[in-house]
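Subject: Structure handover

Hello,

Here is the structure I promised to pass on. Please open it first, then read my notes below.

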Amino acid sequence: MEELYAGLFRAMNRFRKLRIGDLFSDMTKTDGMMLWAISQLNLEKGGGRTTVSGLAEKLHTKNSAVSRTLKNLEDHGWICRMTDPKDRRNTCVVLTESGEAMQQNMTCTMQEFGRAVISQVDEQDLKKLILCLDEIYDIAAEEIEKRSMRNRKEGQHGKDF
C-alpha cells in the first residue's frame with residue numbers, strides 16, 4: 001500500500017513540475033495563472049471588474065502575492081488597476097486590450113496543447129483515469145475535512161501532517 005501511495009503522489013507531483021510556461025516565451029507561469037483568473041472572475045461578474053482580494057481568494061494566495069504579480073502584468077500593459085468607485089478601499093483589476101489578446105492566445109495555445117497530448121492516449125484509458133482521479137479527489141477532500149474538524153475539536157494544528 002505504501003508503494004501505491006508513494007507512486008500516486010510522485011506521479012501527481014510530476015505534473016506540477018511540467019514547464020507549461022515554456023509554451024509562452026514572454027510570460028511566467030504566475031503571470032498566466034493571474035491573467036486566467038482575472039478573465040474568469042470578470043466573466044463570472046458579467047463583464048464586471050474583479051478585485052485584488054477576489055483574485056487572492058480564487059488563487060488561494062495572499063493579497064501581497066497578487067499585488068506583486070499585478071505589478072508585473074501592469075508593466076507589460078496587460079492589466080489596468082483602478083480604485084473601485086463603489087468602495088474606495090478596493091482596487092479593481094481589468095484586462096487591457098493587449099491583455100485580452102494575450103489571454104486569448106494563451107487559451108488557444110493551451111487548447112491546442114491539450115488536444116495534442118490527449119490525442120495520444122487511449123480514450124477508454126483516459127475516461128478511467130478521470131473517474132479514478134475524481135474519486136481520489138473526493139475521498140481526499142472528505143478526509144481533510146474530517147481531520148480538520150477533529151483537530152479543531154482537539155485544539156491541534158498540523159499534527160497529521
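Thr69 is buried, at a relative accessible area of 11%. Buried means under 20% relative accessible area, exposed means over 50%, and partly exposed is in between (1.4 Å probe, protein chains only). Thr69 sits in helix α4, residues 63-75. Helices are DSSP runs of H or I with at least four residues, strands are runs of E with at least two, and both are numbered from the N terminus.

Two points on the source. This is a predicted model, so local features need pLDDT of at least 70 and side-chain atom pairs count only at pLDDT 80 or more, while totals for chains, interfaces and linings use all residues. Residues are numbered from 1 along each chain as its sequence is written, and side-chain values use heavy atoms, with hydrogens and water left out.

Back to Thr69. Apart from neighbours within four places in sequence, Thr69 is in contact with Thr30, Asp31 and Met34. Contact means heavy atoms within 4.5 Å.

Asp31 belongs to helix α2, residues 29-44. Asp31 is buried yet has no salt bridge. A salt bridge is a side-chain nitrogen of Lys or Arg within 4 Å of a carboxyl oxygen of Asp or Glu. For Asp31, the nearest side chain of opposite charge is Arg68, 11 Å away. Lys and Arg count as positive, Asp and Glu as negative; His and the chain ends are not counted. Beyond neighbours within four places in sequence, Asp31 touches Thr69, Asn72, Leu73 and Trp78.

**Helix α3**

Helix α3 covers residues 52-59, and its buried residues are Val52, Gly54, Leu55 and Ala56. These pack against α2, β1 (50-51), α4 and β3 (91-95). Just after α3, His60 takes a positive phi of about 55°.

**Salt bridges**

The count comes to nine salt bridges. Some examples follow.

- Arg19 pairs with Asp22, the closest N and O atoms being 2.9 Å apart. Arg19 is exposed at 62% relative accessibility, and Asp22 is exposed at 53%.
- Asp75 pairs with Lys71, with closest N and O atoms 2.8 Å apart. The two are four residues apart in helix α4, so about one helical turn separates them. Asp75 is exposed at 53%, while Lys71 is partly exposed at 43%.
- Glu145 pairs with Arg152, with closest N and O atoms 3.7 Å apart. Glu145 is partly exposed at 41%, and Arg152 is exposed at 55%.
- Glu143, Lys146 and Arg147 are linked in a network of salt bridges.

**Surface patches**

Patches are made of residues with over 30% relative accessible area and no salt bridge; like charges are joined within 9 Å, and nonpolar side chains (Val, Leu, Ile, Met, Phe, Trp, Tyr) within 5 Å. The place of a charge is NZ of Lys, CZ of Arg, CG of Asp or CD of Glu. Accessible areas come from the Shrake-Rupley method with a 1.4 Å probe, and for residues only the protein chains shown count as cover.

Which residues form the nonpolar patch on the surface? They are Tyr5, Phe9, Met12, Leu129, Leu133 and Ile136, with about 550 Å² of accessible area together. Helices α1 (2-16) and α6 are the elements that give two or more residues to this patch. Phe9 lies in α1 and is partly exposed at 41%.

There is also a patch of negative charge on the surface, where Asp134, Glu135, Asp138 and Glu142 gather. Glu142 is in helix α6, residues 123-154, and is exposed at 52%.

Best wishes
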